[in-house]
Amino acid sequence: MARSVTTQRKTLNTVIAWGIGLLIFFPILWTILTSFKTEAQAIADPPVWFFFDWTLENYRVVQERSNYSRFLWNSVIIAGGSTLLGMMVAIPAAWSMAFVPSTQTKNILLWMLSTKMLPAVGVLYPIYLIFIQLGLLDSRIGLTLVLMLINLPIMVWMLYTYFKEIPGEILEAARMDGAGLRQEILYVLTPMAIPGIASTMLLNIILAWNEAFWTLNLTAARAAPLTAFIASYSSPEGLFYAKLSAASTMAIAPILIIGWFSQKQLVRGLTFGAVK
Amino acid sequence: MGRIVLDKVTKSFGDVTVIPPLDLTIEDGEFTVFVGPSGCGKSTLLRLIAGLEDVSSGAILIDGQDATSIPPAKRGLAMVFQSYALYPHMTVRKNIAFPLRMAGMDKAEQNRRVEQAADVLNLTAYLDRRPGQLSGGQRQRVAIGRAIVREPSAFLFDEPLSNLDAALRVGMRLEISEMHNRLQTTMIYVTHDQVEAMTMADKIVVLHAGHIEQVGSPLDLYRAPKNLFVAGFIGSPKMNLIEGDEARKHDAHTIGIRPEHLSVSSSEGTWSGVVGVAEHLGSDTFFHVHDTGLAETITVRVDGEISFKHGDRIYLTPRNDVMHRFDKAGDRLP
Amino acid sequence: MATKASRSAARLMLAPAVILLLGWMLVPLTMTLIFSFQRYLPMRGGFLDWVGFENYVRFVTSSAFWPAVQATLIIVGGVLLITVILGILLAVLLDQPMWGQGIVRILVIAPFFVMPTVSGLVWKNMFMDPNNGLLSHLWRFFGADPIIWLSDASMASIILIVSWQWLPFATLILLTAIQSLDSEQIEAAEMDGASALSRFWHIVLPHLARAITIVILIQTIFLLAIFAEIFVTTQGSFGTRTLTYLIYQRVLESQNVGLGSAGGIYAVILANIFALFLMRIVGKNLDR
């Protein structure tokens with residue numbers, strides 16, 4: 001709305017919004033701050049805010065004692081792998097439904113969505129059993145596959161809504177201009193689809209990174225990603241707040257950054273294109 | 001060369017027949033306009049010629065060669081789309097050069113042709129911009145540029161002016177007509193706007209529900225519409241169509257008289273009525289006349305200087321030599 | 001553009017996704033269905049007997065069932081109420097002109113990107129711990145006795161944690177929906193003399209109705225399945241054992257697969273009821 005608002009009103013909005021924003025963000029801020037404190041400072045009453053001896057000690061300890069980088073690496077492989085693998089299946093599927101729709105397209109899309117609604121706990125044991133049979137339990141490849149499958153519907157949907165926005169007339173124009181299927185995909189479709197593909201991948205990495213049902217139940221020591229590593233702090237020994245904070249900060253930092261870049265796409269992806 | 005023949009072409013989507021068997025010949029160099037209300041199948045017909053849709057049966061011949069199963073790119077036709085369909089990620093130069101690049105033409109020749117086209121279309125200053133930075137009229141020119149560089153045997157236009165504002169539309173209409181005069185290439189132009197059809201066409205094809213109602217030059221259609229549909233569609237304001245006793249006096253089910261073929265008087269005439277709305281265009285004035293004793297409101301077109309006001313009594317006399325008569329089925333009586 | 005050649009190519013490209021998802025859905029679901037009719041105890045040799053619907057009956061008649069249903073309803077209902085109401089208010093607030101709007105947005109959205117195990121543990125230890133948690137410091141500062149959050153107010157605690165995670169989702173979607181409201185509509189209402197409150201009530205809220213429904217449905221489906229937040233905090237004790245957690249315990253902790261599978265089928269049916277509504281809305285959207 002092109003409308004001038006009184007400065008007073010705007011100031012009031014700003015103060016309230018920033019207050020609420022900081023309140024909501026506070027647990028994350030506090031975690032980050034605590035990760036730089038000593039364990040004693042971390043539980044001090046009254047709490048210490050900014051004026052303490054900032055230390056990187058916790059990060060060093062977390063890495064040394066629990067081999068943090070291995071869990072990080074597992075997370076990277078599982079989230080990245082499931083995303084790449086999923087895209088290889090989802091891009092052709094979404095492409096075909098968006099550009100060569102049939103009478104069944106709508107039903108297929110809705111059915112795919114319904115598989116996403118399947119409660120994981122309902123199929124926990126069968127998957128567990130299959131994983132034991134195939135030797136996939138506590139393996140990165142097994143978890144990568146499962147995460148790919150649970151997020152595949154979202155990937156297809158999101159790509160579908162992006163592809164749908166590419167006007168069919170442009171592809172027809174390319175065809176009239178003499179482009180074959182290969183050239184059409186290479187010179188026209190891909191450049192126009194890249195933003196959509198990129199945001200789909202970002203959202204999927206976030207979802208896979210934070211997934212905490214299958215990662216907790218299908219891994220033990222070898223393939224455990226960060227979600228499972230952090231869960232090991234639920235039965236701690238001694239003072240551990242600062243170390244928990246350091247581990248948590250490292251686990252959420254990459255995703256916070258990716259997430260902030262893909263706010264808009266998040267809405268589209270998580271509502272299956274129903275809200276844009 | 002670009003002589004296009006449609007031989008008993010049909011198109012159906014599933015159970016729905018959009019185009020029943022249809023024959024049409026478009027001569028080389030002709031400017032043909034497909035006109036009709038929305039949903040009449042005119043765009044579908046164009047897309048069948050382009051090869052963007054498969055025909056359900058029948059054949060399409062381009063320059064005597066059966067093109068029915070030739071893919072769109074190989075038909076030697078160029079198309080200008082309603083939405084312009086420019087490639088948003090390419091500059092104007094690359095957009096125009098795209099068909100040449102696809103044809104594997106060498107870079108120097110590509111550049112020469114692009115620059116020539118840009119010169120003709122006044123696009124030289126914009127060659128390095130992207131479509132998003134251009135106005136509607138400029139985008140339209142880029143789309144035309146992309147079509148002409150290929151030197152196609154025929155141009156296909158799918159309602160190319162419908163996204164432009166009124167003033168620009170008139171300008172582009174002239175430019176396309178001039179282009180046709182210069183290139184003398186076959187052009188097929190789809191529109192729902194009968195003014196565009198009348199002003200641009202050598203030959204108008206009036207379509208209605210997939211059928212061809214009439215084919216002819218603009219003046220043929222104006223002078224001798226074959227049926228009620230064409231009579232009502234061609235001409236602006238619309239022809240007055242009168243049924244009932246008045247029509248029976250002329251041995252017809254319906255008579256048609258164009259608004260410009262009625263003379264007016266303040267004292268005497270065949271019909272007398274009351275002026276409802278008077279639309280003053282300056283050069284002309286349209287009166288909508290009620291209470292004439294006929295069921296229909298009669299529209300009259302007169303010189304802009306003749307003045308009647310709302311509520312004035314007016315007398316109308318039709319010119320019998322240009323009256324159109326139709327039978328019960330809506331077909332023209334001789 | 002649909003020519004015959006492109007049709008068959010399209011089918012081929014769609015096949016892998018369909019086959020994979022079909023397998024992913026049918027195989028485990030069929031197994032669960034089969035297990036649910038068996039006495040199946042892996043610790044005692046696996047399959048013991050076919051028992052018909054006994055597991056289904058036992059699951060709903062066990063003393064743990066109704067408390068679990070209650071816990072599930074309270075958590076899902078509580079979180080929905082909090083996130084939708086606060087989400088609408090926050091969305092309206094964030095839509096107002098202010099300085100640093102982008103940054104506030106980022107601050108508000110951030111919790112959604114925190115993995116469930118982290119948010120569970122950070123809240124449990126650093127905020128809700130009765131000795132060292134920040135909230136108990138706060139209570140003591142005001143001279144009150146700290147609350148032992150996760151046992152004395154276990155439900156409220158879980159609801160607080162989960163709401164904190166999902167409020168950003170609701171806010172973000174509702175904000176997107178508000179921003180899609182045609183400003184001319186608001187201006188027309190203003191010309192018609194509607195006050196700010198009645199503009200919100202008669203125009204903004206009805207415009208949000210669809211987005212609110214979507215938020216409710218999607219959140220319900222995810223909230224019915226929350227697991228990690230409970231796993232790292234109360235482990236289902238102090239009345240926080242939801243249906244999902246109960247089934248999980250039956251299957252993996254007490255290794256009664258038959259019973260757990262019957263519960264799993266109940267969960268599938270429950271989720272499908274909500275999914276059906278969601279798919280209706282999304283499906284309508286596809287036709288546009």
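Predicted model: local features only at pLDDT ≥ 70, side-chain atom pairs only at ≥ 80, totals over all residues.
**View 1. The annotated stretch of chain C, from residue 69 to residue 278.** An unreviewed UniProt entry lists residues 69-278 of chain C as "domain: ABC transmembrane type-1". Across these residues the chain is 77% helix and 0% strand.

**View 2. C:V162 and its surroundings in chain C.** Now we move in on a single residue. C:V162 belongs to helix 8 of chain C, which covers residues 154-179. Is C:V162 buried or exposed? C:V162 counts as buried because it has 26 C-beta neighbours inside 10 Å, and 20 or more are enough for that label. Leaving aside residues up to four places away in sequence, C:V162 touches C:I75, C:V79, C:L223, C:I226 and C:E229. Look for C:G78 as well: although C:G78 and C:V162 are 84 residues apart along the chain, their C-alpha atoms are separated by 9.7 Å.

**View 3. The contact between chain A and chain B.** Here two chains meet, with 16 residues from chain B and 14 residues from chain A taking part. On the side of chain B that touches chain A, the elements giving two or more residues are strand 6 (77-80) and helix 2 (92-102) of chain B. Which element of chain B gives the most to this side? Helix 2 does, with three residues. Sorted by class, the side of chain B that touches chain A has 14 nonpolar residues, two polar ones and no charged ones.

Note on methods: Residues numbered from 1 in each chain as written. Chains lettered and ligands numbered in written order. Helix = DSSP H or I, 4+ residues; strand = E, 2+ residues; numbered from the N terminus. Buried ≥ 20, exposed ≤ 12 C-beta atoms within 10 Å, placed from the backbone. Contact = placed C-beta atoms within 7 Å. Nonpolar A, V, L, I, M, F, W, Y, C, P; charged D, E, K, R; others polar. UniProt positions renumbered as here; feature names shortened; annotations may be inferred.
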